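User: I have a two-chain model open and would like to go through it piece by piece. Can you take my questions as they come?

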Amino acid sequence: MSERLAIDIGGTFTDLVAYRTDTGALTFTKSSTTPRELTNAVVACVNKVAVTLSDVDLFVHGSTVGINTIIERTGPITALVTTKGFRDVYEMGRRNRPDIWDLLFRRPRPLVPRDRRFEVTERLAATGAVLIALDEDDLRSTLRQIEATDTASIAVCLLHSYANPEHERRVGAIIKDALPSTYVTLSSDIHREYREYERTSTTAINAYLIPVVGAYLRRLDSRMTTLGFEGRTLIMQSSGGVMTLEAASRQPVRIIESGPAGGVAGTLWLCSMLGEGNAIAFDMGGTTAKACLIENGQAKVTTDYYIGGRITGHPVQVPFLDIIEIGAGGGSIATVDTVGALNVGPHSAGAEPGPACYDLGGAHATVTDANLLVGKLDPERFLGGEMKLNERRGLEAVSALGERLGLTPVDTANGILRIANAMMAAAISKVTVERGFDPRDFVMVAYGGAGPMHATAVARELGVQRLIIPQAPGQFSALGMLTTDFRYDFAQTYPSATANLAATELDDRFCALETEARAELANDVGSGNVRFVRSADMRYVGQFHTLVVVLPDGPYDDSYMDRLAARFHQAHEARYGHAALSEPTQIINLRLAAIIQLSKPALPRIDVGTDLPPDSARLGMRRVTWEDGTEVASAIFQRELLQSGNRIAGPAIIQESASVIPIGRGETARVDEFGNLHISLQGGN
Amino acid sequence: MSTAVETPIMDPVTLQIVRHSLLAGAEEMMVSLKRAAYGAHIYEVEDCVTGLFDAQGNSLALAPGSPMMLVDLGAIVRDGLQKVGAEKMKPGDIFASNDPYVLGTHSSNMGMYSPIFFEDRLVAFTATRAHWIDTGGAVPGGKSFDIRDIWQEGFQFRHMKLFDRGEAVEDMMQFIADNVRLPETVLGDMRAQVAAAKMGGRRMVTLLEKFGTDVIDAAAAAMFRQGEELARQAVSRMPDGEYRAEAYLDNDGVSFDTHVPIVVTVRIDGADLEVDYSEMSAQVAGPINTGIASAQGIAAFAFKAITTPHEPPNEGHFRPLHVTIPPGKIISAQSPAPTCWWSKVTNTTIDTVLSALAQAVPLLVPAAHFGDIPLIMVSGRDPRHDNKQFIFFQPIPGGYGGRSYEDGESCTNCLHEGAMMNIPVEVEEHQFPVLTEYATFRTDSEGAGKYRGGFGYEAAYRIQADAELFVGVERHQCHPWGVDGGKEALSNDFLLQRMPSEEAESVLKAQHVPVSASTLCLIRTGGGGGYGNPLERPAELVAEDVRLGYITVERARTAYGVLIHPESFGVDLEATRHLRRRLETTP
């Protein structure tokens, strides 16, 4: 017997999914996130479920530890060592004003301030040739200055180190020797491409995170071991793949958006199971809401990601799923500003003290308090009845805001919800409408603790016609973490004119990469059924940017190079609308993805019923105030007791252990064979 | 969003989708142009702009880029409609025009536009403008202060057809290849403009297929109406009146002893705003002139920045703006006035328009910025690449003025350039024979103020080849000015040090300047002007600037009246109080 476990730490809740590989049984639970010691919630979740940890052979984990550290700037003192003459590169950035009409613009503020950016005498040429040898004495005296401060971590980013990492490696070795307890990140270990600002930022973020994330992962590992776990731990990457715990401790920059990536991975898996090609993944938790677009069964991955937004954020050049995030969730605090405008977020009450109705000391009105006040939440059945909500406290908090606005408590609560919904719709617009996609052409998959609660209203706002709420939506990101594959990416810079390259030579190069990949995988992951995907970055001679062309497996015959050039022309035509057939083409980088597939969970089927939900699932009626302000007696259902084929017409509320799904008037919900809810909004108001 | 005006015939969701789809289309054009380009000034710097226009040449959507190339982009289409005529345009045609007198900027910026047809009707246009690194004039790159007329700048295209119904016009391709110094780069960049045109056309047709022309037309009308209304609301909030400001350019690069007057009057009357350039300098002998579209563009940029800075622009946002500009001024120059160094006039004119506006809305306008694209055009033959001809330049950043509530920003490209980026040192050294020795904030360069200006930039580099420089540095004498008691900042400078033993000499406007690997090129740019009295700046903020090495202990004392210990960075409060009291009475 073996089990797999996934735990996703979100801003408000920590979610667990356990999957038994022999029976296919899934177990879900959640616990409040414990910000002061994130691993406490992990232990709490494990203790809640009847899983013997010694039976678990695989544990996949995602955490907010990285993103929180950057956004809240709570990382330790970090230093930067760079080439003499260039310490200000990091602060100057690309010197542009993306918001071109704004005279009151602010530039991004670097994580490493100027007095912690140090220069060392050395210089490489663009070819990697040494122009000025590394002055080791100079470096050692700099390190003595660094030692005098409380520096926990050092980023090393030297000019042209992508072409020749030797100086960086020597600097790394000298730092390890002089300051053995200080962490070191070399840019050449993270990213081997030119553009010094973006590489410095990526390296600085990794250095800033290592002490925090590394310590966190070690604590997690040791606590899991104490609980009896002996299997392998994998960490979710922002790209949607997984990596080992050891690798994540060295390169935490790759796991910054691990939780959201789990939800997108889950959406991809669900969509492929349901035959949906185009979807909007909509995830709303306690602190933030996120949206990601899936087109033709693929989620877009970008290496041009900015943490905190493009205009004032930090560039990171490692793969990220293209996710838009906004600061509005169930715990978001509603405020009234000086000119009397009602705002929601970006501050969140989080899990401690949480919304006012949690009665844990929180005094601010939150989105959750508003949902309780309008009747959408059942105070007795929150978290499956584990937590009783205090209606009086929620009412007090919302009333206090209402008094300042001259609104009744119910109108205030509805105002909070309408503003929150408009913010979600705006976030989804960023990945659909603003990229020229019409949300009406997409199915929306809504999850996260608060996602289902707002999904119908947000869908209505956007004109989305179809909505899917997966089973256990509150733990969907955790479930998604069990649906990913091992993916390691390898690259080699290999500039060569397509016309002058022999097909056998090209195949040899890829075979050499595959050998290298097998060795590294064996070392890190163990041997398995590895699937390789070959691709090449190509361009016209004289061009700068490249296009990725996917290659078949080898070997290649002599005519292959012509076919490869033709494929590049086609790709160029498809991307840019023209091809220059007479222009020579070249290869810049060879890329190899090594993928070891992990078996995916199979969702258990639920009991088959009729159109009519069984009486056992009916919880009677409750008065609910809807967004239009009308108070209507609405039927209440228990989701876990619904059967395949059941249909529910709104107004109705479907409750489940971790969430609540309002179905508006004119809208209908259908339960499929796996228990997913399909909501049709046609004719809804 | 909430202030948007109701549009009866348009459902708001469709309107938002059309609006954002058009913007996404313009932005995808920009991505295509940038990614398909051959020149580093395009693929790194983004010295190019893109937009979508209606059948009359009104802008529907513009991708963020250089404001000075962008806001008057529609003039290219409107001029084409007049000179070529819609009836002569066919699907797949692409026209090129670089006429600076009508289209503004200079003749190196090649405008290309293409009609979009739907159901056999011309319904819209794509337009792009990109800096062609060479157009075959007197000097490599086409910038020299000894250029005296337009013909020396390079070839002139006035609505030449480069593509005829989708096919390249081979005679034109041959003409370009034979007449520019870097044919691979220029033709590659031209093809990138074609790629952008095709991308924009495809996006527009998809949108038309989805919604039909009636809905798109109605959406465009609603967008224009909303944009206009938002801008009018903003102007209505400003006090009526006449506001005049003046500044000057150091010289025109020919008569070095004569300042060039830049004088602007702004009149606000209800919901309308007029920018009147009647008192500007007449066109000059030196090549710092530009055409009338740039006069419109400068006013439009300043107008947008103080009315609706966060709205993606369309034609409507500019409707309350009226520009008065007699012909024959330095920014409404007429043939054959030379224009190749046009960028010397734009920034100072923007700063001056903003100075006039600041009298009406002081809280929205910072003090002056460093105010130039201090441009060093380098050309020669690259010994690393078979002695092939190279030409390169890149934006140089500087300081921005202090604001009414916070300090100005440092080392940012000028207002003219907007979203344009630098060429990273690592890319530059790959592509060109240049080696940068350092690039840093320029110490003590800021205009002192309660809210100080940002810091300028300082860098040193050597060209690793025998090369020529074409230097155009403005705002050396006319320092970035302060506001409300704030002080002026250091100004722009460029120096050459021939030998380590020699003194560096300042070279501001010059051409054919020979350099070799032994010549150290030093660029130093101005900071931003200060906002408010520097003696009111909190001493601990002055100390923080000293601790971080942005300003020296000496400057803290002389400019801010703050005495700081050079090692502990502690403030001597008592002595500071005395010094500040003394400086207040005897400035």
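**Working through the model**

Analyst: A residue is buried if 20 or more other C-beta atoms lie within 10 Å of its own, exposed if 12 or fewer, and partly exposed in between, with C-beta atoms placed from the backbone. Helices (H or I, at least four residues) and strands (E, at least two) are DSSP runs, numbered from the N terminus. This is a predicted model: local features need pLDDT of at least 70, side-chain atom pairs count only at pLDDT 80 or more, and totals for chains, interfaces and linings use all residues. Residues are numbered from 1 along each chain as its sequence is written, and chains are lettered from A and ligands numbered from 1 in the order in which they are written.

User: How many bridges join β8 to β9 in chain B, and do they run parallel or antiparallel?

Analyst: Strand β8 (residues 241-249) of chain B runs antiparallel to β9(B), with nine bridges between them. Two strands pair if DSSP finds at least two bridges between them. B:Ala247 has B:Ile262 of β9(B) as its bridge partner.

User: And which way does β10 of chain B pair with β9?

Analyst: Antiparallel, over five bridges, with β10 covering residues 272-276 of chain B. Opposite B:Glu274 of β10(B) stands B:Arg267. The hairpin of β9(B) and β10(B) has two residues between the strands, and B:Gly270 there takes a positive phi near 65°.

User: What is the strand order in the open sheet of four strands in chain B?

Analyst: The order is β13-β12-β16-β19, with antiparallel pairing. β13 (388-392) and β19 (509-515) of chain B are the edge strands, each pairing on one side only. From one strand to the next the twist averages 15°. Inside that order, β12 (residues 375-382) and β16 (residues 467-472) of chain B are antiparallel and joined by six bridges, and B:Gly380 stands opposite B:Ala467 in β16(B).

User: Switching to domains. What are the domains of chain B?

Analyst: Domain 1 (12-230), domain 2 (366-537) and domain 3 (539-585). The bounds come from an automatic or database domain assignment. The C-alpha centres of domain 1 and domain 2 of chain B are 30 Å apart.

User: How many residues are in contact between domain 1 and domain 2 of chain B?

Analyst: 22 residues of domain 1 of chain B are in contact with 22 residues of domain 2 of chain B. Two residues are in contact if their C-beta atoms, placed from the backbone, lie within 7 Å. On the side of domain 1 of chain B that touches domain 2, α2 (40-43) and α3 (67-70) of chain B each supply at least two residues. By class, that side of domain 1 of chain B has ten nonpolar, five polar and seven charged residues. Ala, Val, Leu, Ile, Met, Phe, Trp, Tyr, Cys and Pro count as nonpolar, Asp, Glu, Lys and Arg as charged, and the others, Gly among them, as polar.

User: Staying in chain A, at what angle do α11 and α12 cross?

Analyst: The axes of α11 (residues 391-405) and α12 (residues 409-431) of chain A cross at roughly 90° and come within 8 Å. Because of that angle, α11(A) is roughly perpendicular to α12(A). Axes are lines fitted to C-alpha atoms, for helices over the stretch in contact, and angles run from 0 to 180 degrees between N-to-C directions. Angles under 35 degrees count as roughly parallel, over 145 as roughly antiparallel, 65 to 115 as roughly perpendicular and the rest as oblique.

User: Is α13 of chain A mostly buried or exposed?

Analyst: Eleven of the twelve residues of α13 (residues 451-462) of chain A are buried, including A:Met453, A:His454 and A:Glu461. Just after α13(A), A:Gly463 takes a positive phi of about 80°.

User: Last one: where is A:Gly554?

Analyst: A:Gly554 is in the loop between β27 (547-551) and α16 (560-576) of chain A. Not counting residues up to four places away in sequence, A:Gly554 touches A:Asp507, A:Phe510 and A:Cys511.
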